[in-house]
Amino acid sequence: MMSKLESIDGGAERALVGSILLDPSWLDEIDGIVSAGDLANPGLAIMFQAAVDLHRTGTPIDPISVGRLLESHDLLAKVGGAVGIHDALNEVPHADHCEFYASVVRADADRRRAQSVGKELQNATSDRSRDLGEIVAEARRGLDAVEDRGRDVEPVSILDALADWRAGYGEHERATPTGFPELDHRLNGGLRAGNLLVLAARPATGKTALACSLASQLACATQVLFVSCEMTCTELLERLLAAESGLPLERIRTGRLDSSDEQRIAEAQERMAGRRLSIDDIPGQTVSRIAATARRYRRRHGLGLIVVDYLQILASKDKRANRESEVAAMSRGLKSLARELEIPVIALSQLNRAVEYREVKRPRLSDLRESGAIEQDADIVLLLHRAAMHEPGAPDDEAELIIAKNRNGTTGVVRLLWDGRTTRFRPVV
């Protein structure tokens with residue numbers, strides 16, 4: 001059955017094209033409001049585009065010039081010939097309402113696009129071989145694109161930009177402290193909205209433990225979503241309990257707890273219960289699924305931080321792409337998500353094996369595994385290093401957090417203390 005929008009008679013479209021033929025100066029006013037692709041009538045869309053093309057070259061616009069241009073491209077017959085052009089011109093007595101006609105055409109086009117998304121959603125959900133989460137994420141992106149067209153985005157003048165900056169000068173609510181004072185100092189107060197922070201290390205260095213410490217600390221001030229692609233919710237919870245209670249992780253996992261331990265666990269649980277931290281451990285995560293979850297979660301609970309553990313284990317939608325391209329797309333997707341939601345995103349990443357074969361084992365930016373795009377997309381890159389893993393006799397409780405990239409601050413090294421029994425990092429006092 002044809003919808004009402006699909007069966008419209010094109011009155012606003014004919015009025016729009018007729019107004020332009022009467023007074024071509026309106027093209028400057030409606031630029032950015034409507035385009036030829038917004039017209040449902042193919043002939044009117046061709047005439048509209050012809051007028052735009054003539055306007056861009058400074059050629060006078062009238063039925064003759066439009067007809068000659070269309071004839072030169074063998075398109076005149078598709079608009080009904082010269083009669084079709086004159087019919088559009090005669091549709092309106094004057095062009096005073098051209099901007100109104102443009103807004104009507106634009107609104108109808110957006111509604112048709114929304115209808116198209118709905119049809120694609122209906123067809124896709126009939127295919128049981130497709131993942132439902134991916135289908136919903138695609139539909140949401142389509143609707144977001146329709147909604148974004150409705151936002152009038154104008155370049156910001158330096159005067160307005162200065163006023164906005166001055167209004168927020170001295171306010172630090174957009175910088176969320178990490179709980180590590182030296183790191184906060186180098187990051188100009190902490191994590192900032194729209195930033196992608198990459199935390200990278202070799203396996204077993206403690207990057208998940210550090211991510212848990214950051215998530216737990218920030219959850220005291222904001223809502224945190226921890227996306228775990230490797231560990232289950234229970235495994236992460238046990239790490240958090242060990243760090244919070246100070247009890248060895250092994251003792252918590254095996255259940256060998258005495259009455260004193262039980263009391264410490266109970267106190268840790270009470271403190272943790274007040275933190276706004278949620279864990280998503282669904283396997284097979286993709287960036288689009290994470291984005292869909294984050295948008296839904298923000299609508300329901302608010303959201304101030306996303307942690308993704310870890311980048312290289314995320315699933316890819318494009319099975320034909322090589323791994324470097326896949327990881328590049330993932331890092332770009334997470335950066336875009338951080339900007340869209342205006343929150344920081346922490347993405348954990350593996351380092352490649354090159355560090356193992358060097359005499360000096362401290363990691364560097366070039367060790368980021370599989371994609372230089374990670375370095376390009378990230379606002380901040382932190383490289384976690386524990387010398388005791390490579391150097392016999394090095395203190396086992398010392399760690400370095402190397403700030404290898406900091407788009408809006410300084411680089412350098414932040415010293416940390418590591419307790420392997422409780423998988424906890426602490427700042428050096």
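The following legends describe close-up views of a predicted model.

**View A. The open sheet of nine strands.** In the predicted model, nine strands form an open sheet in the order β5-β4-β6-β7-β3-β8-β9-β10-β11, and their pairing is mixed.

**View B. The pairing of β3 with β8.** Strand β3 (residues 196-201) and strand β8 (residues 380-385) run parallel and are joined by four bridges. Within this pair, V198 stands opposite V381 in β8. Strands of a sheet pair through backbone hydrogen bonds, either parallel or antiparallel.

**View C. Helices on the sheet.** Helix α10 (residues 207-218) lies across several strands, among them β3, β4 (224-228), β6 (305-309), β7 (345-350) and β9 (398-406). The direction of helix α10 is at about 170° to β7. Helix α14 (residues 287-301) also packs on the sheet, where it touches β4, β5 and β6. The direction of helix α14 makes about 155° with that of β4.

View D. Strands β10 (412-419) and β11 run antiparallel and are joined by four bridges. L416 stands opposite P427 in β11. The two strands form a hairpin with four residues between them. In the turn, T423 has a positive phi of about 50°.

Methods. Residues numbered from 1 in each chain as written. Predicted model: local features only at pLDDT ≥ 70, side-chain atom pairs only at ≥ 80, totals over all residues. Heavy atoms only, no water. Pairing = 2+ DSSP bridges. Contact = heavy atoms within 4.5 Å. Axes fitted to C-alpha atoms, helices over the stretch in contact; angles between N-to-C directions.
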